[in-house]
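Reader: Please walk me through a structure, one feature at a time. Give me the general idea, then the case.

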Amino acid sequence: MSGLPAVQELAARHRLRWWEALPWIAGIAAFFLFPNYLSFGTLVLVTILFALSLDLVLGYAGIVTLGHAAFFGAGAYTVGILAAHWNWTEPLSGLVAAALVAGAVGLVSGWVVLRTQGLTLLMLTLCTMALLEQAANMFSGFTGGFDGMPGLSFQPILGLFEFDVLYFRSQYLYALAVLFACFVVVRMLVYSPFGRSLTGIRENLLRMHAVGAPVRARQVFAYAISAAIAGVAGAVFVHATGYVNLAVLGLDRAAGVLIILILGGYGRLYGAFVGAVVYMVLEHTLSKAYPTAWQLGLGLGLMLVALYARNGILGLIDALRRRWSTP
Amino acid sequence: MDLISTLLGGLASGMVLFIVSVGLSVTMGLMGFVNLAHGAFAMLGGYVVVYSMRHWGLPFAAALALGFVAVALLAVVLERTLYARLYRASELDQVLFTIGLVFVMIALVTLGVGPESQRVVLPHWLDGQTDLGFIKYRTYSLALILAGSLLMLALWLGFERTRIGAKIRAAVDNRRMAESVGVDVGRLFTLTFALGSGLAAVGGGLGAEILGLDPQYPLRYLAYFLIVVAVGGMGRVTGVFFAALLIGVLDFVLKIEFPKGGTMFIYALTLVFLLARPQGIFGRKGA
């Protein structure tokens, strides 16, 4: 039995492959090659982390959500409020606090929202996010309302590395390190029995119920973990940029990260990396010069992806490789 | 008196929500298609109305009719060429496709007309106040309430008393069964999609005075249209009517009471409501 190629492939699927080192090599190389673009690079890393958290719920657990920015925002506001009102400016404990708060929001909202499915689920994720956004708008004494909280500053990371407002050097490395740590966790989760059962739920809900898997508990747990990671991304965003405002909770951000993940390819971990880099570089170069043309192109691109390239850029590469190797 | 005028204002915006959302409810109920671009049809309708009044001097009513026809035609073309390919696709693909369509329409409107917001110039007979005996109120808001109620009546009659209405009800309740007794659900869908988009266009034109009209319109009101449909129940005209009025009135009151973040309560109520009744006000379980 164990000699079958399919079995061997399954048994080896969690092993590291050589190309998995590439993103990290590229991330470190970018630090030396583009010293003037590190603030942009930091935002790309934050977005990768955010998209990675979405991949866990969308790509692996198969939960379609329009409200993932709720958790990014929960993490961002946690760090911002702690810093502005309690002078809690130590970054690493801020990350932990952001993860806990966002994870708790994910746990509660997931426990409530994941009872439903289809359009209702989509609506409820959107509602949760809009609810948080309006709450942040309403309690402006606490959150700064529409203007948010600008000009936050944080203690040096580990007491050693000052946040570098001019060149973003330490921010970039900090974001890269946090991304790496979270990626290791997500990769382990995805290839664990827990991750397998998530995929099972995505592929065949009925069967997973029938074999006695605790479907809803697993979904809620995945949702909460993903929320915590999104919260960490939001926290890193605030640490790096020093401000929070309502935009961290908006539909734009939620739709943006969805687009990024689909563009890269969902359910394959590295789609978040490819999608975020491609999308953000394009946006950075085009959207300032030609904002309307950018939006038109983005819209047409999305329609084409939905119609023809459902597995994103990585899916296209896979398809090309397969065509090459089978003459 | 204050209570009544608040109520009237809320009802007027609720009617606009109803006129725009009713088509979305029926098409979602028929095909289960997640059409996030519905608001974009409303926006296009609003622009047709404004443009044809300003440049061709059409009267308001004729401009609304033109908006209905133009958008309904566009909807048929889009439905046959693009939407139809995605009926069997996953929800995620439908979400992506329709968000893409929204972006394209926003960009095209921005390119063609410009990013600034547009104003509808109301005809004299709608601009001003009407004395109802117990209260004087804006004629336009009263006209909106009347128009919305008449439309509700017409749709109700159409649904309950005509053959096509019966077919639509059958297909919403059980599509397979309807198909097996010979209802062509595909054609029915094209028809309702066109009608629904046309109505959205009328709503966009009628509501421009209340909701405003600019290229960001489809995204700004996306959550509202979806909430109305989800609370009203998919494929349920009466449900959507009551949901739209409820949300219109609530929104109107909350924006006066809590100018900042008052809509929070709408989202909270929607969450609670949908958890208790995921199928909407009048929706049936499992339908």
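Author: First, the ground rules. Residues are numbered from 1 along each chain as its sequence is written, and chains are lettered from A and ligands numbered from 1 in the order in which they are written. This is a predicted model, in which local features need pLDDT of at least 70, side-chain atom pairs count only at pLDDT 80 or more, and totals for chains, interfaces and linings use all residues.

Reader: At what angle do the axes of H12(A) and H13(A) cross?

Author: Two packed helices are described by the angle between their axes and the distance between the axes. H12(A) and helix H13 (residues 271-286) of chain A cross at roughly 115°, and their axes come within 7 Å. H12(A) is therefore roughly perpendicular to H13(A). Axes are lines fitted to C-alpha atoms, for helices over the stretch in contact, and angles run from 0 to 180 degrees between N-to-C directions. Angles under 35 degrees count as roughly parallel, over 145 as roughly antiparallel, 65 to 115 as roughly perpendicular and the rest as oblique. The crossing of these two helices is right-handed. A crossing is left-handed if the near helix is turned anticlockwise from the far one by less than a right angle, and right-handed if clockwise.

Reader: Which residues meet there?

Author: H12(A) brings A:Ile259, A:Ile260, A:Leu261, A:Leu263 and A:Gly264. Their partners in H13(A) include A:Phe273, A:Val274 and A:Tyr279. The contact of H12(A) with H13(A) holds 10 nonpolar, three polar and no charged residues.

Reader: Now chain B. How do H10(B) and H11(B) pack?

Author: Helix H10 (residues 222-232) of chain B meets helix H11 (residues 237-257) of chain B at about 130°, with the axes 8 Å apart. The two are therefore oblique to each other. The crossing of H10(B) and H11(B) is right-handed. Among the residues in contact are B:Tyr224 and B:Val228 of H10(B), and B:Phe242 and B:Ile247 of H11(B). The classes in this contact are 10 nonpolar, two polar and no charged.

Reader: What angle does H1(B) make with H11(B)?

Author: Helix H1 (residues 2-31) of chain B packs on H11(B) at about 140°, with axes 7 Å apart. H1(B) is therefore oblique to H11(B). H1(B) and H11(B) make a right-handed crossing.

Reader: Which residues touch the most other members of the largest nonpolar core?

Author: In soluble globular proteins, nonpolar side chains tend to be buried together. A nonpolar core is a set of buried Ala, Val, Leu, Ile, Met, Phe, Trp, Tyr and Cys residues joined through C-beta atoms within 7 Å. A residue is buried if 20 or more other C-beta atoms lie within 10 Å of its own, exposed if 12 or fewer, and partly exposed in between. In this core of 205 residues, the answer is A:Leu49, A:Val232 and B:Val228. Beyond four places in sequence, the contacts of A:Val232 include A:Leu49, A:Leu95 and A:Cys182.

Reader: Is A:Leu269 buried or exposed?

Author: A:Leu269 is buried, with 22 C-beta neighbours inside 10 Å. A:Leu269 sits in the loop between H12 and H13 of chain A. Most residues other than glycine have a negative phi, and most peptide bonds are trans. Phi of A:Leu269 is positive, near 60°.

Reader: And where is A:Asn87?

Author: A:Asn87 is in the loop between H4 and helix H5 (91-113) of chain A. Phi of A:Asn87 is also positive, near 60°. A:Asn87 is exposed, with 7 other C-beta atoms within 10 Å.

Note on methods
Helices (H or I, at least four residues) and strands (E, at least two) are DSSP runs, numbered from the N terminus. Two residues are in contact if their C-beta atoms, placed from the backbone, lie within 7 Å. Ala, Val, Leu, Ile, Met, Phe, Trp, Tyr, Cys and Pro count as nonpolar, Asp, Glu, Lys and Arg as charged, and the others, Gly among them, as polar.
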